[in-house]
Amino acid sequence: FLLLMIIYISSVILMQTIQLETADSGAEELDPTLQKYFSNVGAACMVLFQSISGGISWYEVYEPLHARSRILSFVFVGYLTFTYFCVLNVVTGVFCSTAIESAARDPDLLAKQLQKDKGQFLKHATQFFRAVDKGATGFMTLTELEEVLVEDYRVTALLELMQIDISDVWTFFKLLDQDGSYTIELDEFLEGCCRLRGTVKNMDITEILKLTHANGDALHKIRSAVKEL
């Protein structure tokens, strides 16, 4: 609707300007090309629409207008500039935004994207584990983890790609070492990283949950010991 209004207003302005220029110059008839393009409002609107849609070259309209008056050429160029760089870009942006939002709500596309993200995450996590396990022993230790984090900046970059923030290396290691063996195998590492993925708050929550389970086990043992007394 906005585009139609701009086309209509520009057509009226051009026609009025042409008529004034014709009256001031004392000419009885218009240039044949201008007569063809701007004989009435409907024809003028169609020409302006064709100028921005590729129906005709905009220069074919510009040339007779410029030959008639610079004012007419300035009005026409102003119409083209505003339409191309403002209105059409806004319309294109709205359509693209709508398409992106529709795609984001598509369950199939969302599932594919999540699967792709998970694959990338596991790839980066595996690369991180291989970088720490320099001896290819199949497991990492706390000492190896601390050394690599200090010496190799690429490992830190992998953590950022994985969206894992290690503020405390010892806490991070404990959360991944589920069996308490003080070593972490690849499968154990991948499973733990999936739980910790995100901001440092996720690591804090995971630590709290682990401590809660440990306290629960301790309370259960105490209750059992009390019952035996």
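In the predicted model, Tyr182 is located in the loop that connects H9 to strand S2 (184-185). The phi angle of Tyr182 is near 65°, a positive value in a residue other than glycine. Most residues other than glycine have a negative phi. The relative accessibility of Tyr182 is 58%, so this residue counts as exposed. A positive phi, of about 55°, is also found at Ala136, which is not a glycine either. Ala136 belongs to the loop between H6 and strand S1 (139-140), and its relative accessible area of 65% places it among the exposed residues.

The protein as a whole contains eleven helices and two strands. Read from the N terminus, the order of these elements is α-α-α-α-α-α-β-α-α-α-β-α-α. Of the 229 residues in the protein, 29% are buried. When contacts between residues at least 6 apart in sequence are considered, 63% of them join residues at least 24 apart.

Two packed helices are described by the angle between their axes and the distance between the axes. For helix H9 (residues 169-176) and helix H10 (residues 186-196), the angle is about 115° and the axes are 9 Å apart. Angles of 65 to 115 degrees count as roughly perpendicular, and H9 is therefore roughly perpendicular to H10. On the H9 side, the contact is formed by Phe172, Leu175 and Leu176. H10 contributes Glu188, Phe189, Gly192, Cys193, Arg195 and Leu196. By residue class, the contact of H9 with H10 comprises six nonpolar, one polar and two charged residues.

The second pair consists of H6 and H7, whose axes cross at roughly 105° and come within 9 Å. This angle makes H6 roughly perpendicular to H7. Phe128, Ala131 and Val132 of H6 meet Glu144, Leu145, Val148 and Leu149 of H7. The residues of this contact divide into six nonpolar and one charged, with no polar residue.

Helix H7 (residues 142-151) has a buried side and an exposed one. Its buried residues are Leu145, Val148 and Leu149. Because these residues cover an arc of only 100° around the axis, they lie on the same side of H7. Val150 and Glu151, on the other side of H7, are exposed. The cover over the buried residues of H7 includes helix H6 (107-132), helix H8 (153-161) and H9.

With neighbours within four places in sequence left aside, Phe128 is in contact with Met140, Leu145, Leu149, Val155, Leu158, Leu159, Met162 and Phe189. Phe128 also takes part in the contact of H6 with H7, while Phe172 of H9 and Phe189 of H10 both take part in the contact between those two helices.

Ser10 has a relative accessibility of 12%; buried means under 20% relative accessible area, so Ser10 counts as buried. When residues up to four places away in sequence are not counted, Ser10 touches Leu48 and Tyr79.

Not counting residues up to four places away in sequence, Tyr8 touches Val41 and Cys45. Tyr8 and Ala44 are 36 residues apart in sequence, and their C-alpha atoms are 8.3 Å apart in space.

Terms used: Residues are numbered from 1 along each chain as its sequence is written. This is a predicted model: local features need pLDDT of at least 70, side-chain atom pairs count only at pLDDT 80 or more; totals for chains, interfaces and linings use all residues. Side-chain values use heavy atoms; hydrogens and water are left out. Axes are lines fitted to C-alpha atoms, for helices over the stretch in contact, and angles run from 0 to 180 degrees between N-to-C directions. Helices (H or I, at least four residues) and strands (E, at least two) are DSSP runs, numbered from the N terminus. Angles under 35 degrees count as roughly parallel, over 145 as roughly antiparallel, 65 to 115 as roughly perpendicular and the rest as oblique. Contact means heavy atoms within 4.5 Å. Ala, Val, Leu, Ile, Met, Phe, Trp, Tyr, Cys and Pro count as nonpolar, Asp, Glu, Lys and Arg as charged, and the others, Gly among them, as polar. Buried means under 20% relative accessible area, exposed over 50%, partly exposed in between (1.4 Å probe, protein chains only). The arc is that of the directions from the helix axis to the C-beta atoms.
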